[in-house]
Amino acid sequence: MRLLRFVMIVLAGLWLVGEIAVIPFAESRIESEVADRTRDATAVEANIGSFPLASRVLITGKVPKLTVTLERVARQALTFAEVRFEVFGIHVDRTAILRGQARIEDIDRGTVTATIELGALGRIAESAGVQARVEGRTLLVGGVSRAIARDLVPCAPDARIEDQNVILSCTIDEVPDILLESVQGG
């Protein structure tokens, strides 16, 4: 009986150590892959909001939440202070997981929130009495227009102006390619 109890404690300890180790490993892998695909971001941070992760994925085939944040992205003459992808209810292929591959099958929903710093352009426009605005997928400040990168904001965004920043947000029902390719190594 003592031996059985000892074996159960050892197995439980190994399971706990594995669960604790898998989250930072997965986050680090996602950060590295996304950073390789978005060389114009100064930093990438991934956060998997789930414990236990490995057991949950193997049993349910689902990850409750993944957040990936890109910082200081310079793209198409715009500086994005931050682009945050929040994806909820990620359905994964359990068979692929057992082969050591990550394959996302579907998501329940997600959001993309991007903050564009207007900086000097915003101050100049403000002093001239011009308001920044977004029409469709284009940022307009006075006579200057800039396209909003589709890989960073893959959906038609709602926009609001706060101080010298334009905040774009939209809802997604598919994983953006920038994340999908990174997670799946594609």
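Modeller: Two residues are in contact when heavy atoms lie within 4.5 Å. By that rule, among contacts in the chain between residues at least 6 apart in sequence, 57% join residues at least 24 apart.

Colleague: What makes a residue or an atom pair count here?

Modeller: This is a predicted model, in which local features need pLDDT of at least 70 and side-chain atom pairs count only at pLDDT 80 or more, whereas totals for chains, interfaces and linings use all residues. Residues are numbered from 1 along each chain as its sequence is written, and side-chain values use heavy atoms, with hydrogens and water left out.

Colleague: How do you know how confident the predictor is in the chain?

Modeller: From pLDDT, the predictor's confidence in each residue, from 0 to 100. The chain has a mean of 81, and 90% of its residues reach 70 or more.

Colleague: What makes a stretch a helix or a strand?

Modeller: Both are DSSP runs, numbered from the N terminus: a helix is H or I over at least four residues, a strand is E over at least two. On that count the chain has 5 helices and 9 strands.

Colleague: Why are 37% of the 186 residues called buried?

Modeller: Because buried means under 20% relative accessible area, with exposed over 50% and partly exposed in between (1.4 Å probe, protein chains only). Of the 186 residues, 37% count as buried.

Colleague: What makes a set of residues a nonpolar core?

Modeller: Its members are buried Ala, Val, Leu, Ile, Met, Phe, Trp, Tyr and Cys residues, joined through side-chain atoms within 4.5 Å. The largest such core has 43 residues, and V68, L70, F80 and L152 have the most contacts inside it. β3 (78-92) is among the elements that give two or more residues to this core; β3 gives the most, with 7 residues. In soluble globular proteins, nonpolar side chains tend to be buried together.
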